[in-house]
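Keep the structure open beside you as you read.

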Amino acid sequence: MHELGVVFYVIRDVKKVAKENQVESIESVTLEIGEVSGVVHEYLIDCWNWAVKKEPMMDHAKLKIEMIPALTYCEDCKGTYKTVRYAKICPYCQSEHTYLIQGNEFNIKEMEVT
Amino acid sequence: MGEFRVLEIKQSIFADNDRRAKELREELKEKKVFLLNLMSSPGSGKTTTLQRTIELLKEKLQIGVMEADIDSDVDAATISKMGVKTIQLHTGGMCHLDAGMTAQGLAGIEAGSLDLAVLENVGNLVCPAEFDTGAVKNAMILSVPEGDDKALKYPLMFSICDVVLINKIDVLPYFDFDMETCRKNILMRNPKAKIIPISARIGEGIKEWTKWLEKEVRQWQES
């Protein structure tokens, strides 16, 4: 259900950009999605394929997804590590004073248009 | 593929909503209306907690409630019996409310004359956390039967909440729920979270919660 909601947001934003740029039809849209943004890519594509059919300007537009890996920064030892593997605790110094520096993104990167 | 133009967009899908939410907060500040976004999973006791909250605060504050659900109006019917302005918002299948929908709801209950507007968000611990509604403060309810590990499973929700109410503490003896573990997990996600154990059913802890809320409303109106 979450995926359908974000698909509606993407379509709305993309249509706005298309209008501003006098686009006739949209061939593809590329998203950048953070590894820990909580979106299931397969569901997202299913929702996309269903939702774009209702949009004349983009009824055959493909959704492309690029993943941004999740990285966490440790305030104590200044190290950076893979979030998905080690989660909240720093693998170098066992500190809990860590925060996510990337991997939560949900960006529309670009679109191919005619 | 050579015949296609490529338009670079480079924009977060949340950017538009974040902007709208910020505008809404500024409007509310001007009108001295405090908007509370109340979130939780389904069945954690949002509506019952709200009933207790209204009982204690309705003499002191003008309160209005927006009930957001995918469908039905059972919650709005319950709350309207409490004698406060109520509106039911249907999200039409969406799993959350965004700032635009919240602004419509506020207009619907004529929030300008209120001290406290409460948005009872869709029961869900994932999506509502990602969309800023324009609320002044975010509160969530975690109930004992859900387990003390929820902050580990839904990190974003816990990290954006100013206050976490741990509801249904009257049934603690029947569940393997450890209050200290729960606190530790929540504070790991959000060291600033205020945690208040309550039982909306028997009324325990509700005073501490309403005191916090009243203070926040006054501060927002006076600052």
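1. Let me start with a tyrosine. A:Y81 counts as buried, at 2% relative accessibility; buried here means under 20% relative accessible area, exposed means over 50% and partly exposed is in between, with a 1.4 Å probe and protein chains only. By that scale A:Y86 is partly exposed, with a relative accessible area of 34%.

2. A word on the ground rules: this is a predicted model, in which local features need pLDDT of at least 70 and side-chain atom pairs count only at pLDDT 80 or more, while totals for chains, interfaces and linings use all residues. Residues are numbered from 1 along each chain as its sequence is written, chains are lettered from A and ligands numbered from 1 in the order in which they are written, and side-chain values use heavy atoms, with hydrogens and water left out.

3. Now the aromatic pairs. Over all chains, the search finds six of them; rings of Phe, Tyr and Trp (its six-membered ring) pair if their centres lie within 6.5 Å, and planes under 30 degrees apart count as stacked, over 60 as edge-to-face and the rest as tilted. The ring centres of A:Y81 and A:Y86 are 5.9 Å apart with planes at 80°, so this pair is edge-to-face.

4. B:F14 and B:F131 also form an edge-to-face pair, because their ring centres are 5.2 Å apart and their planes lie at 80°. B:F14 sits in the loop between β1 (5-12) and α1 (15-31) of chain B and B:F131 in the loop between β5 (116-120) and β6 (137-143) of chain B, so the pair ties together parts 117 residues apart in sequence.

5. Which residues lie nearest the centre of the second largest pocket? B:F14 and B:F131 are there again, along with B:A129, B:E130 and B:L156, in a lining of 18 residues. A pocket is an open set of points on a 1 Å grid over the protein atoms alone, where a 1.4 Å probe fits, with protein on both sides within 12 Å along at least five of seven lines; lining residues have an atom within 4 Å of a point. This pocket has a volume of about 290 Å³, volume being the space filled by probe spheres set on the points, which are joined across faces, edges and corners.

6. The largest pocket holds about 720 Å³ of space. Its lining has 23 residues, with A:V36, A:L100, B:P155, B:L156 and B:R189 nearest the centre. α6(B) gives the most to this lining, with four residues.

7. Helix α8 (residues 206-222) of chain B has 17 residues and reaches 24 Å from first C-alpha to last, close to the 24 Å expected at 1.5 Å a residue; the expected span is 1.5 Å times one less than the number of residues. Among its buried residues are B:W209, B:W212 and B:W220. B:K29 lies over the face of B:W220, 4.3 Å from the ring centre; this requires NZ of Lys or CZ of Arg within 6 Å of the ring centre and within 35 degrees of the ring normal.

8. Finally, a distance to check on screen: A:V52, in helix α2 (residues 41-52) of chain A, is buried at 2% relative accessible area.

Methods. Helix = DSSP H or I, 4+ residues; strand = E, 2+ residues; numbered from the N terminus.
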